[in-house]
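Dear colleague,

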Amino acid sequence: MHPLLHLSETQRAVISTAREFCAAEVTPFAPQWDRDAHFEPTLVQKLGELGFLGMMIPEAYDGLGFDTVTYLLALEEISAADASVGVLMSVHNSLPTQMILKYGSEGQKHAFLGPMARGETLGAFALSEPDAGSDASSLRAQAVRDGDDWVLNGTKAWISAGGHAGVILAMARTDTPDARKGGKGIGAFIVTPDLPGFKVGKKENKMGLRASETVQLVFDNLRVPGDRLLGDPSLGFAYAMQSLEAGRLGIAAQAIGIARAAYEHASAYAAERQQFGKAIGEFQGIQFKLADMATRITAARSLLHTTAAAKDRGEPITEYAAMCKLFAAETAMWVTTNAIQVFGGYGYTTDYPVEKLFRDAKVTEIYEGTSEIQRIVIGRAGLKGR
Ligand code: CAA
């Protein structure tokens, strides 16, 4: 079990629990969910029962109170079985729950964190819009104060599990059209689907991660009670950016899980597939591919866990979180591409698992900030440091 990492007894137990859960509840069904683009709602309750939806929520709010390192170990396991289940777990644990925990009032924490930790309510994160992706602070959804309430109008896009979530952390402008303040004129609101004016819009038909439902959310005069505003009305973008650092660690763990699964399938196939009178794994051309896969995966995991440990010590990790996601995502894409090559023609068919892993890997270079955005974050930090 990850020999370089010095795992505690608890961490070994978490990994074993995740593996057993996946063997029984995920791996046998994932190919069919992928074919049908089926989001399996019972997973939320099952993950909740194991504590996997409250991994970093303190015990006082019914969570497990684990550190980031332990959470990421579980997330790698789940993602190795099915990246769609991985993203459900990553978004919920890294973004909405952490935002409420870090910036919410005591009342908000008590109202929302318990049900989220127990898996009774799934969380989602609504920052992007159809015209605001990489340039997230240009978002246009508008929040206007009306008495004690806020009234929100706009369309949020690419929302993972948005149609199944019970708690959505939604970013909307609180500045006015005549005095725009960029990233400093945005609030974060705790939206629930029961509020009048909440609608689930277009469902995306995706190349990968097909069992994770991705939708638009439409706010049509959505009336949000005043006590659902998170913290300061002008700091929602900063809260979202700060939380995305943890989010990017989660996506790095997901990418490592995908890459590891592809590597394991490729090495097992190389050991058994016979060509030219011997197993193809006996040819150096194949061995070198497997060696490079193992090296890149181990390097990605080492960077991730070093960064997560720094986060757990309370150190700033902005550029390192970006490095983790960038390197892990590119590793996942490289490893899955080469895993298909090891399988040859069979790898190109849906009879073998590597084509799904390849499709699932691609999104890790796109969501929670593209690889280009991660390079911007890393580059800016380097320039600032000089
Ligand atoms: N921590 C805390 N505050 C931060 C911050 C951080 N890491 N980054 C920015 N801020 C705050 C600061 O207050 C900052 O102002 P100062 O620099 O004066 O302190 C303010 O926000 C504005 O920041 P920037 O000027 O850096 O903003 P920008 O408009 O230049 O954008 C960006 C920076 C890095 C390009 C950012 O827009 C970005 O990360 N884009 C990618 C968007 C993204 O990751 N989307 C993910 C969607 S969610 C998703 O995918 C989830 C899913 O479902 C899987």
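In this model, an oxygen atom of the ligand is 2.9 Å from a polar backbone atom of Glu368, and a backbone N or O atom of Gly369 lies 3.0 Å from an oxygen atom of the ligand. The side chain of Glu245 places an N or O atom 2.9 Å from a ligand nitrogen. A polar contact here is a pair of N or O atoms within 3.5 Å. The protein covers 73% of the 1,100 Å² of accessible area that the ligand has on its own (Shrake-Rupley method, 1.4 Å probe).

The model is predicted, with local features requiring pLDDT of at least 70 and side-chain atom pairs pLDDT 80 or more, while totals for chains, interfaces and linings use all residues. Residues are numbered from 1 along each chain as its sequence is written, and side-chain values use heavy atoms, without hydrogens or water.

The ligand is surrounded by 24 residues (a heavy atom within 4 Å), the closest being Ser134, Ser137, Ser160, Lys184 and Arg248. By class, this shell has 11 nonpolar, eight polar and five charged residues, where Asp, Glu, Lys and Arg count as charged, and Gly is among the polar ones. Helix α8 (236–272) gives the most to the shell, seven residues (DSSP runs of H or I, at least four residues).

Kind regards

Definitions and conventions. A polar contact is a pair of N or O atoms within 3.5 Å; within protein, one must be able to donate a hydrogen and the other to accept it, and residues adjacent in sequence count only if both atoms are side-chain atoms. Helices (H or I, at least four residues) and strands (E, at least two) are DSSP runs, numbered from the N terminus.
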